[in-house]
Amino acid sequence: MRGVRWRRAVSQAGRSVTVWGVSTLTMLVLAGILPDFRLQSADGDSATRIAVTAAVGAGVFGVLSALVWPLLVRLLLLVPALVLGLLVFFLNGSLLLLALRLNPSGQSEAAPETAVIVAAVMSAVASATGGALAVRDDDAYRRRLYRLADRRRRGGPPCPTTPGTVFLQLDGVGHDVLVAAVEKGLMPTIARWLGQSGLAPTHRLTPWRTDWSSQTGASQLGILHGSNHDIPAFRWYEKDSQEVMVCNRPTSAAELQRRAVERTGDGGLLSADGASRGNLFGGGADEQALVLSIAARRRSRETRSRAGYFAYFSDPANAVRTALSFFAEVVREMGQSTRARLRKERPRVGRGGLYPFVRAFATVVERDVVVAAVMGDVLAGRTSVYADLVAYDEVAHHSGPLGRDTEQVLGRLDRSLALIENVTEHAPRPYRIVVLSDHGQSPGETFHARYGLTLGDLVRAGCGLPVPRRAERTHSGAEARAAVRAALRRPVEESGARHRPAGRQTEPIVLASGNLGLISFPEVPHRMSKEEIDARHPALLTTLANHPGIGFLLVRSEEHGGVVLGAYGAEIPLDRLDGHPGPLAAFGPGAADAVRRTHSFPHTADIMVNSFHDPVDGEVLAFEEQIGSHGGLGGAQARPFLLSPLALSAPVEDAGDAGDAGDPGDGGDGGDGVGREGAGLVGAEQVHRVLCRWLRESNGPQVPLETAPEERAA
């Protein structure tokens, strides 16, 4: 044993000396290349003296990077994430300048801008050298990976030998997009898992169907906490609190998570030794980093939503590598958007302003930090980990779900999966990797680009309220004004005249969630009925239902409870949709159940508007500035995937299990399999139950949240 320890010590010392030597050579080369960086006096020095100066400078820089850098990164947690890239270079260069000042020779100096370049190159070379040496030594590589693990685990109980589970969410990647990427060879890791590389398959691919609200907030809350009841869209207005809820707003995310926990009576999918990384919600995990629902809380050791940044950027080499990739991604986006403009590609949306930096943060910084955190969780032996990689979703919104831009992102995501898979080989317990998505994306131009006005403009015109002149001049705006005049029995307007309804009217609140629109009248404390809307705004529902860019409306009816409205006077009660889907026919199976379930929510808007959908090409019309959208019904957005190991039971085992359905409005209390119409997985709550079953199969039972008996009964 003593001999082994000595060999390890000698090996470690040898690697350290090698890294030091390579850093010294790097500094010498840079001093010869860069005019503002020197390691000798103005009168010149001997080669030996210059080499000693470089060696001392490289050694001091390495020590400062190891000791001072982690403290600086803690301060970076107080800085907005998008500023992080610039500060990484600035601080790294400052450390090099300090190292040169501390050099006993006193002869080395560098201009500040040159110090930034030298520090970045030296950090990258040192990291690459250390990694290469460690990879050649299996024991060293294993120890290097273990240092990424959560050190607080060391004082805990021994790691179980039962399999752990890693859930990796590829945000926005639809089932069909994944299949196409595998067939094109863009995702070799997933292709190998599916047995398309000549090896036996290890995973199965299963599509599932989202609820009407096909977006991350509804899907991830249902997956992690077992309930997405009363989530009608990505953003909606709640009349009782007079607030707009937005799923990616920290205060809203915290409230939605609280409601879900209260409704289900347990902490969530990850409540037994779990970790939540890069998600909107915590899932009941003990370890949470980059989780939005805790970002609004007071910072503490237990609830640091940005603690993942410190764990990753405490290594200066990580910081430099990610910062370089960040700016490379900014340049890549600028080049891709310029190419799209020059080629006059359609559809197209604006991609200027801060968007290149937002994209780079999502595709580089968030990805690197989350993947590193998952690696640490795996090496720490955690029972369950759930992480969200948002890169594809962000790019697809602005570049479209299909094309070269998104294909490149899919390839990089596949490499992240391969990296995590490789790390599981060094984990203290076996791991099963489950990959899934929360929704897909449907292509199509925006509602505004096709018709020249927004949904808000159309609603205002249908209410007889003033609209911008650009909207007045459109065909849709003219038709809406004509409908208002006809409903109010007003004569045709003279040129330049505008109709202004008598009396004071509160502005309707019009919100967009992809191709789903929500219209609320805040002056009315309850959800308005069709009869009330017709009495106040007699032309509004007709204007909306007959517009070619709108597929259907959902409104409450005093006579029928709820009705779907469509073009040419179509009006179908919800309980008759199964036999006569009417406007929902183009949206495929399950649309009627999804609409009925949303109708049962307490905070459903006065008018729910779903855009037009072409079932031939799968296009929808987004009410936001997105050419790849999700949030409503229509096309690939409602068809995500679930990729699971064959060692786990099938998501839907048989038709009998699939047919055990609960009522679509009951909050998802039915059995596994299909919760509503048809065979297959339907709804995020069904996916939650499948994932819980898999954790039980791996002997990882979830610990229910402590609740009072009366709360459990509720």
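Colleague: At what angle do helix α14 and helix α15 pack?
Modeller: The general idea is that two packed helices are described by the angle between their axes and the distance between the axes. In this predicted model, α14 (residues 391–399) and α15 (residues 404–424) pack at about 175°, and their axes are 9 Å apart. Angles over 145 degrees count as roughly antiparallel, so α14 is roughly antiparallel to α15.

Colleague: Which residues make the contact?
Modeller: From α14 come A391, Y392, V395, A396 and S399, and from α15 come D405, T406, V409, L410 and L413. Sorted by class, the contact of α14 with α15 has seven nonpolar, two polar and one charged residues.

Colleague: Now the cores. How many residues does the largest nonpolar core have?
Modeller: In soluble globular proteins, nonpolar side chains tend to be buried together. Here the largest nonpolar core has 53 residues, and W212, L269, V595 and L642 have the most contacts inside it. Elements giving two or more residues include α9, β14 and α22, while the largest share, seven residues, comes from α24.

Colleague: What does V595 touch?
Modeller: Leaving aside residues up to four places away in sequence, V595 touches W212, F552, L554, V564, L574, L584 and L633. Another core, of 51 residues, lies apart from the largest one, with Y312, V365, V370 and V378 among its members.

Colleague: And where does R596 lie?
Modeller: R596 lies in helix α22. Its side chain is joined to that of D593 by a polar contact of 2.7 Å. R596 also touches L574, L577 and D578, again not counting residues up to four places away in sequence.

Definitions and conventions. Residues numbered from 1 in each chain as written. Predicted model: local features only at pLDDT ≥ 70, side-chain atom pairs only at ≥ 80, totals over all residues. Heavy atoms only, no water. Axes fitted to C-alpha atoms, helices over the stretch in contact; angles between N-to-C directions. Helix = DSSP H or I, 4+ residues; strand = E, 2+ residues; numbered from the N terminus. Parallel < 35°, antiparallel > 145°, perpendicular 65-115°, else oblique. Contact = heavy atoms within 4.5 Å. Nonpolar A, V, L, I, M, F, W, Y, C, P; charged D, E, K, R; others polar. Core = buried A, V, L, I, M, F, W, Y, C linked by side-chain atoms within 4.5 Å. Buried < 20%, exposed > 50% of the residue type's maximum accessible area, 1.4 Å probe, protein only. Polar contact = N/O pair within 3.5 Å; in protein donor to acceptor, adjacent residues only side chain to side chain.
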